[in-house]
Amino acid sequence: MAAIDKVRVLVVGDSGVGKTSLTHLIANNEPLTSPGWTVGCSVEVKLHEYKEGTPSQNTFFIELWDVGGSISHKNARGVFYNPTHGIILVHDLTNRKSQENLQQWLMEILNKEGKDTLRAGDTMDIDPEQFLGSTQFKICQIPILVIGTKLDMLDENNKHRILNRTLAGSIAEQCGADEICLNSHESRSLAAGTTDSVKLARFFDKVIERKYYSRDSGRKYTSNYTSTTLGPFGPYLTQQQATSSANTFSYLNPNPVTESLS
């Protein structure tokens, strides 16, 4: 039995915005009770049904690479950026600066080495064409999703404003991406059938299509993987094994730091 194909999605954003809680919610459909600071990178794996309910339905592993946001590790974390099949940009809805810094995160991934490309005070205008086929940047055509966390920490007026704002001028609009605002400590935030869960599934489908499907024919490329395909910390299951087991798999940092993080 052939192994299930996989894609790698980077989950990036400033330290403390809630990336670890978010990736756990996506992978396990339940909130993380005691999140900690991520040192280096932690990986969770979700079993995703591509185009579920259609004749094209197929099963894939989605690797969610939660990259630590500490500035002290900026020059080392570029090792996690290759290959990149999709990017989730995460910001804290109560911290405007974390949203503004998403441009810097994109530039860091573009550079692939995690080193500074802009001086302090510099700004960067993102051209949507960079993400829609331009060959000027290596990241071209990589699907992007923007997620704002800690929705529960906003008062009702700000929550209403955030949920009803347009994407005009936002980084999501600049990248041609969807945006989700949620509470990572509420399991219903990404419950099946909700608008946000549909956006997430659509994003994963785009990531899979970019790696495995021909744009011209719509047919799946031949897989390079065998039944011994390796994940970041060990072998993946075959499709028969995976479907008879739980639908999510977690490969965490072998030396996690357990400091409390809201």
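**From one lysine to the core**

Student: Where does Lys-19 lie?
Tutor: Lys-19 lies in helix α1, and please keep in mind throughout that this is a predicted model.

Student: Is Lys-19 buried or exposed?
Tutor: Lys-19 has a relative accessible area of 6%, and because buried means under 20%, Lys-19 counts as buried.

Student: What is Lys-19 in contact with, leaving aside its neighbours within four places in sequence?
Tutor: With those neighbours set aside, the contacts of Lys-19 are Val-11, Val-12, Gly-13, Asp-14, Asp-66, Val-67, Gly-69 and Val-90.

Student: And how far apart are the C-alpha atoms of Lys-19 and Trp-37?
Tutor: Those two C-alpha atoms are separated by 9.6 Å, with the residues themselves 18 apart along the chain.

Student: Switching to strands, which residue is the bridge partner of Val-90 in β5?
Tutor: Val-90 is partnered by Ile-147 there, and β4 and β5 run parallel, joined by 6 bridges.

Student: What about β5 and β6, how many bridges join them?
Tutor: There are 4, again between strands that run parallel, β6 being residues 178-181; within that pairing, Val-146 stands opposite Glu-179.

Student: Why is β5 said to be largely enclosed?
Tutor: Because 6 of the 6 residues of β5 are buried, the rest of the structure largely encloses this strand. Both of its faces are covered, with Ile-144, Val-146 and Gly-148 buried on one side and Leu-145, Ile-147 and Thr-149 buried on the other.

Student: Now the largest nonpolar core: how many residues has it?
Tutor: It has 26 residues, and those with the most contacts inside it are Val-9, Ile-26, Leu-64, Ile-88, Phe-204 and Ile-208. At least two residues each come from β1, α1, β3, β4, β5 and α6, and α6 gives the most, with 6 residues.

Student: Which residues does Ile-208 touch, again leaving aside neighbours within four places in sequence?
Tutor: Ile-208 is in contact with Val-7, His-48, Tyr-50, Phe-60, Ile-62 and Tyr-213. Apart from this core lies another, of 25 residues, among them Ile-4, Leu-47, Phe-61 and Val-146.

Student: Which residues of α6 are buried?
Tutor: They are Asp-196, Ser-197, Lys-199, Leu-200, Phe-203, Phe-204, Asp-205, Val-207, Ile-208 and Tyr-212.

Student: And what span should α6 have at 1.5 Å a residue?
Tutor: Its 18 residues should span 26 Å, which agrees with the 26 Å between its end C-alpha atoms.

Methods: Residues are numbered from 1 along each chain as its sequence is written. This is a predicted model: local features need pLDDT of at least 70, side-chain atom pairs count only at pLDDT 80 or more; totals for chains, interfaces and linings use all residues. Side-chain values use heavy atoms; hydrogens and water are left out. A nonpolar core is a set of buried Ala, Val, Leu, Ile, Met, Phe, Trp, Tyr and Cys residues joined through side-chain atoms within 4.5 Å. Buried means under 20% relative accessible area, exposed over 50%, partly exposed in between (1.4 Å probe, protein chains only). Contact means heavy atoms within 4.5 Å. Two strands pair if DSSP finds at least two bridges between them. The expected span of a helix is 1.5 Å times one less than its number of residues.
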